[in-house]
Amino acid sequence: MIQVQNLHFGYRRKKIFTGLNLKLEAGHIYGLLGKNGTGKSTLLKNMAGLLFPHEGAINVLGFTPGKRQPAFLQDIFMVPEEFHLPDMPIEHLIKYHAPFYPKFNEDHFNRFITEFDIPRSNTMQQMSYGQKKKVLISFGLACNTSVLLMDEPTNGLDIMSKSQFRKVIAGCLDESKCIVISTHQVKDLESLIDRVTIIDEGRILFDQTVDNITRKLSFHISYDSDEIKQALFREPSLRGSAVITRNMQGDESKLDLELLYKAIVLNGNAIQSVFNA
Amino acid sequence: MNAVFDLKRWFLYIGKHWNENKRRYLLSLAAVGGLLVLWYSFLMIVNPENPMGQRMQIVTYYAGLFITGCLFASMIFNDLSDGPKAIHYLLTPASALEKLLTAIVYGVILFFISYTLVFYAIDFIMLKISNGVASTYLERQHRAPKPPQELLNVFISEVPGDELLYYILLIFFAVQSIFLLGSVYFVKNQYIKTLVSGLVVFLFMVFFIHKVMGSFMPDGGFFEPFTVYRIWNSGQGEVMVQLPEWLSSILLFLAKYMLAPCLWVVAYFRLKEKEV
């Protein structure tokens, strides 16, 4: 569905990607994790056709994104970190913007708006940042596009909204859709994504399905000093130490995305060795 | 579905553009009307005897058209200079051609029609007031009354065969298209940057024609643009070198009618390669 081959991209003074390869399939929610400035947003913009690769190729749904053909644009939706919604009532958004998306479902949109508790009578200007973001997310989901790119979607959402967001996104995924969520707030994506891709310094540091991770790694609190010492990654906590160890039981453990992220960034080789074995 | 142009999609886009920008457009027109009222009121104060002479009305129309038209054209792609708005603009599922044509419809065609309508509406009202002011002034001065000023056609000169106003209008559309291109080309301060760039290009062309071309052309100058070159020859007096009729007709046609469309084509390609 999305293929990135040998992507080279950079800004005037800074190279971001030097030969990035990535393949994203339909039916999955991908979590794109990484520190600020590592190229998450740049990658999403390249996928959406807002930036053009300097070298290499990107193929999304059989299109070259940079050409921005209408048939491509109507099957992809992007929720950017900093977004713009024209100042109009929600009804006008449906009337004037939705017809561009052939698979837009008004019932879905109304359901999301209700779930997010958005006052329908307000225009965008009368809404708070978080409310506007929820309108945009609802609209993007209701467009039912094959590709949905979200850049830091939970920024600006309150605690209740974050949990509603997870619920709504999980309910929207089907076999024909590919959802890519970029964030550095890893906790917000736990139990939502089914594939973790970590970017650092413009390259893929880690790329595994959640199933594979939870089958091969165990995330838990340990009080056993030997286990703590031998752990692939450890972090002192108020009660014992949070550790990542090899999952010897074979049962699926519960993913601690934040801990995994820290482990990959600080001690990536140890974690990678488990998956390479 | 056509990837380059689809009529139904274009109409959808035109409707969307209007809905998102109508408030700004209507406010701009109201501001233009307000400025015209202020200008004419100022003229009535400084020249109560003949505040709205025909020449003044024509100058007002064209000066206003150039200033507001170019300002408006330089703002037509304003969204592209603001990251979030640019994302919204570029990801809206319409082709670059449809987006450009919409900009031309609103920024060139509808602007011209709306500006002319606002001008005439204000001109009509202010003319009534101006005639009243002038007659009161002459009465106070104990001078004979003058015939009242009438609404004039700003597109046709009173002198038969004089095409100056027609040419000014053509120049306006070309200049406005330069500002439209500047609007998509530059990221910030489009109006000023286009003005300065346009001036630099114009001065370079003048320099090129007079100094560079002039250095290998015979002593003389263009008598009529694109058609006749006049040579100063001390022995034979003036010698006119005229291009063949068909060639000069083509060149004249291109200069008159093709400059603006050519700039729109450049704007189209610039819009296609725009990044955020």
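**Notes on the two-chain model**

1. Helices α5 and α6 of chain A are roughly parallel to each other, since the angle between them falls in the class under 35 degrees. They are α5 (residues 129–142) and α6 (residues 159–172), packed at about 5 degrees with 11 Å between their axes. Angles here run from 0 to 180 degrees between N-to-C directions, with axes fitted to C-alpha atoms, for helices over the stretch in contact. From α5(A), the residues Gly130(A), Lys134(A), Ile137(A) and Leu141(A) meet Ser161(A), Phe165(A), Val168(A) and Cys172(A) of α6(A); contact here means C-beta atoms, placed from the backbone, within 7 Å. Sorted by class, this contact holds five nonpolar residues, two polar and one charged. (Nonpolar is Ala, Val, Leu, Ile, Met, Phe, Trp, Tyr, Cys and Pro; charged is Asp, Glu, Lys and Arg; the others, Gly among them, are polar.)

2. A word on the model: it is predicted, with local features needing pLDDT of at least 70 and side-chain atom pairs pLDDT 80 or more, while totals for chains, interfaces and linings use all residues. Residues count from 1 along each chain as its sequence is written, and chains are lettered from A and ligands numbered from 1 in the order written.

3. Staying with chain A, there is an open sheet of six strands, ordered β5-β6-β7-β3-β8-β9, with mixed pairing. (Strands are DSSP E runs of at least two residues, helices H or I runs of at least four, numbered from the N terminus; strands pair if DSSP finds at least two bridges between them.) At the edges sit β5 (76–79) and β9 (203–209), each pairing on one side only. From one strand to the next, the twist averages 15 degrees.

4. Inside that sheet, β3 (residues 28–33) of chain A runs parallel to β7 (residues 178–183) of chain A, joined by six bridges. Opposite His28(A) you'll find Cys178(A) in β7(A). Helix α9 (residues 257–276) of chain A packs on the sheet and touches β3, β8 (195–200) and β9 of chain A. The direction of α9(A) makes about 60 degrees with that of β9(A).

5. Over in chain B, look at α1 (7–46) and α4 (residues 96–140), whose axes come within 8 Å and cross at roughly 25 degrees. That crossing makes α1(B) roughly parallel to α4(B). The crossing is right-handed, meaning that the near helix is turned clockwise from the far one by less than a right angle. The contact residues split into 18 nonpolar, five polar and three charged.

6. β1 (residues 220–224) and β2 (residues 228–233) of chain B pair antiparallel over four bridges, and Gly220(B) is bridged to Ile231(B) in β2(B). β2(B) then pairs antiparallel with β3 (residues 237–242) of chain B over six bridges, among them the one between Trp232(B) and Glu238(B). β2(B) and β3(B) form a hairpin with three residues between them.

7. How do the chains meet? The contact takes 24 residues from chain A and 22 from chain B. On the chain B side, α1 (7–46) and α3 (83–91) are the elements giving two or more residues, and α3(B) supplies the largest share, seven residues. By class, that side has eleven nonpolar, six polar and five charged residues.

8. Leu251(B) has 14 C-beta neighbours inside 10 Å, so it counts as partly exposed (20 or more would be buried, 12 or fewer exposed, with C-beta atoms placed from the backbone). Leu251(B) lies 238 residues from Tyr13(B) in sequence and 36 Å away in space, C-alpha to C-alpha.

Key. Contact = placed C-beta atoms within 7 Å. Parallel < 35°, antiparallel > 145°, perpendicular 65-115°, else oblique.
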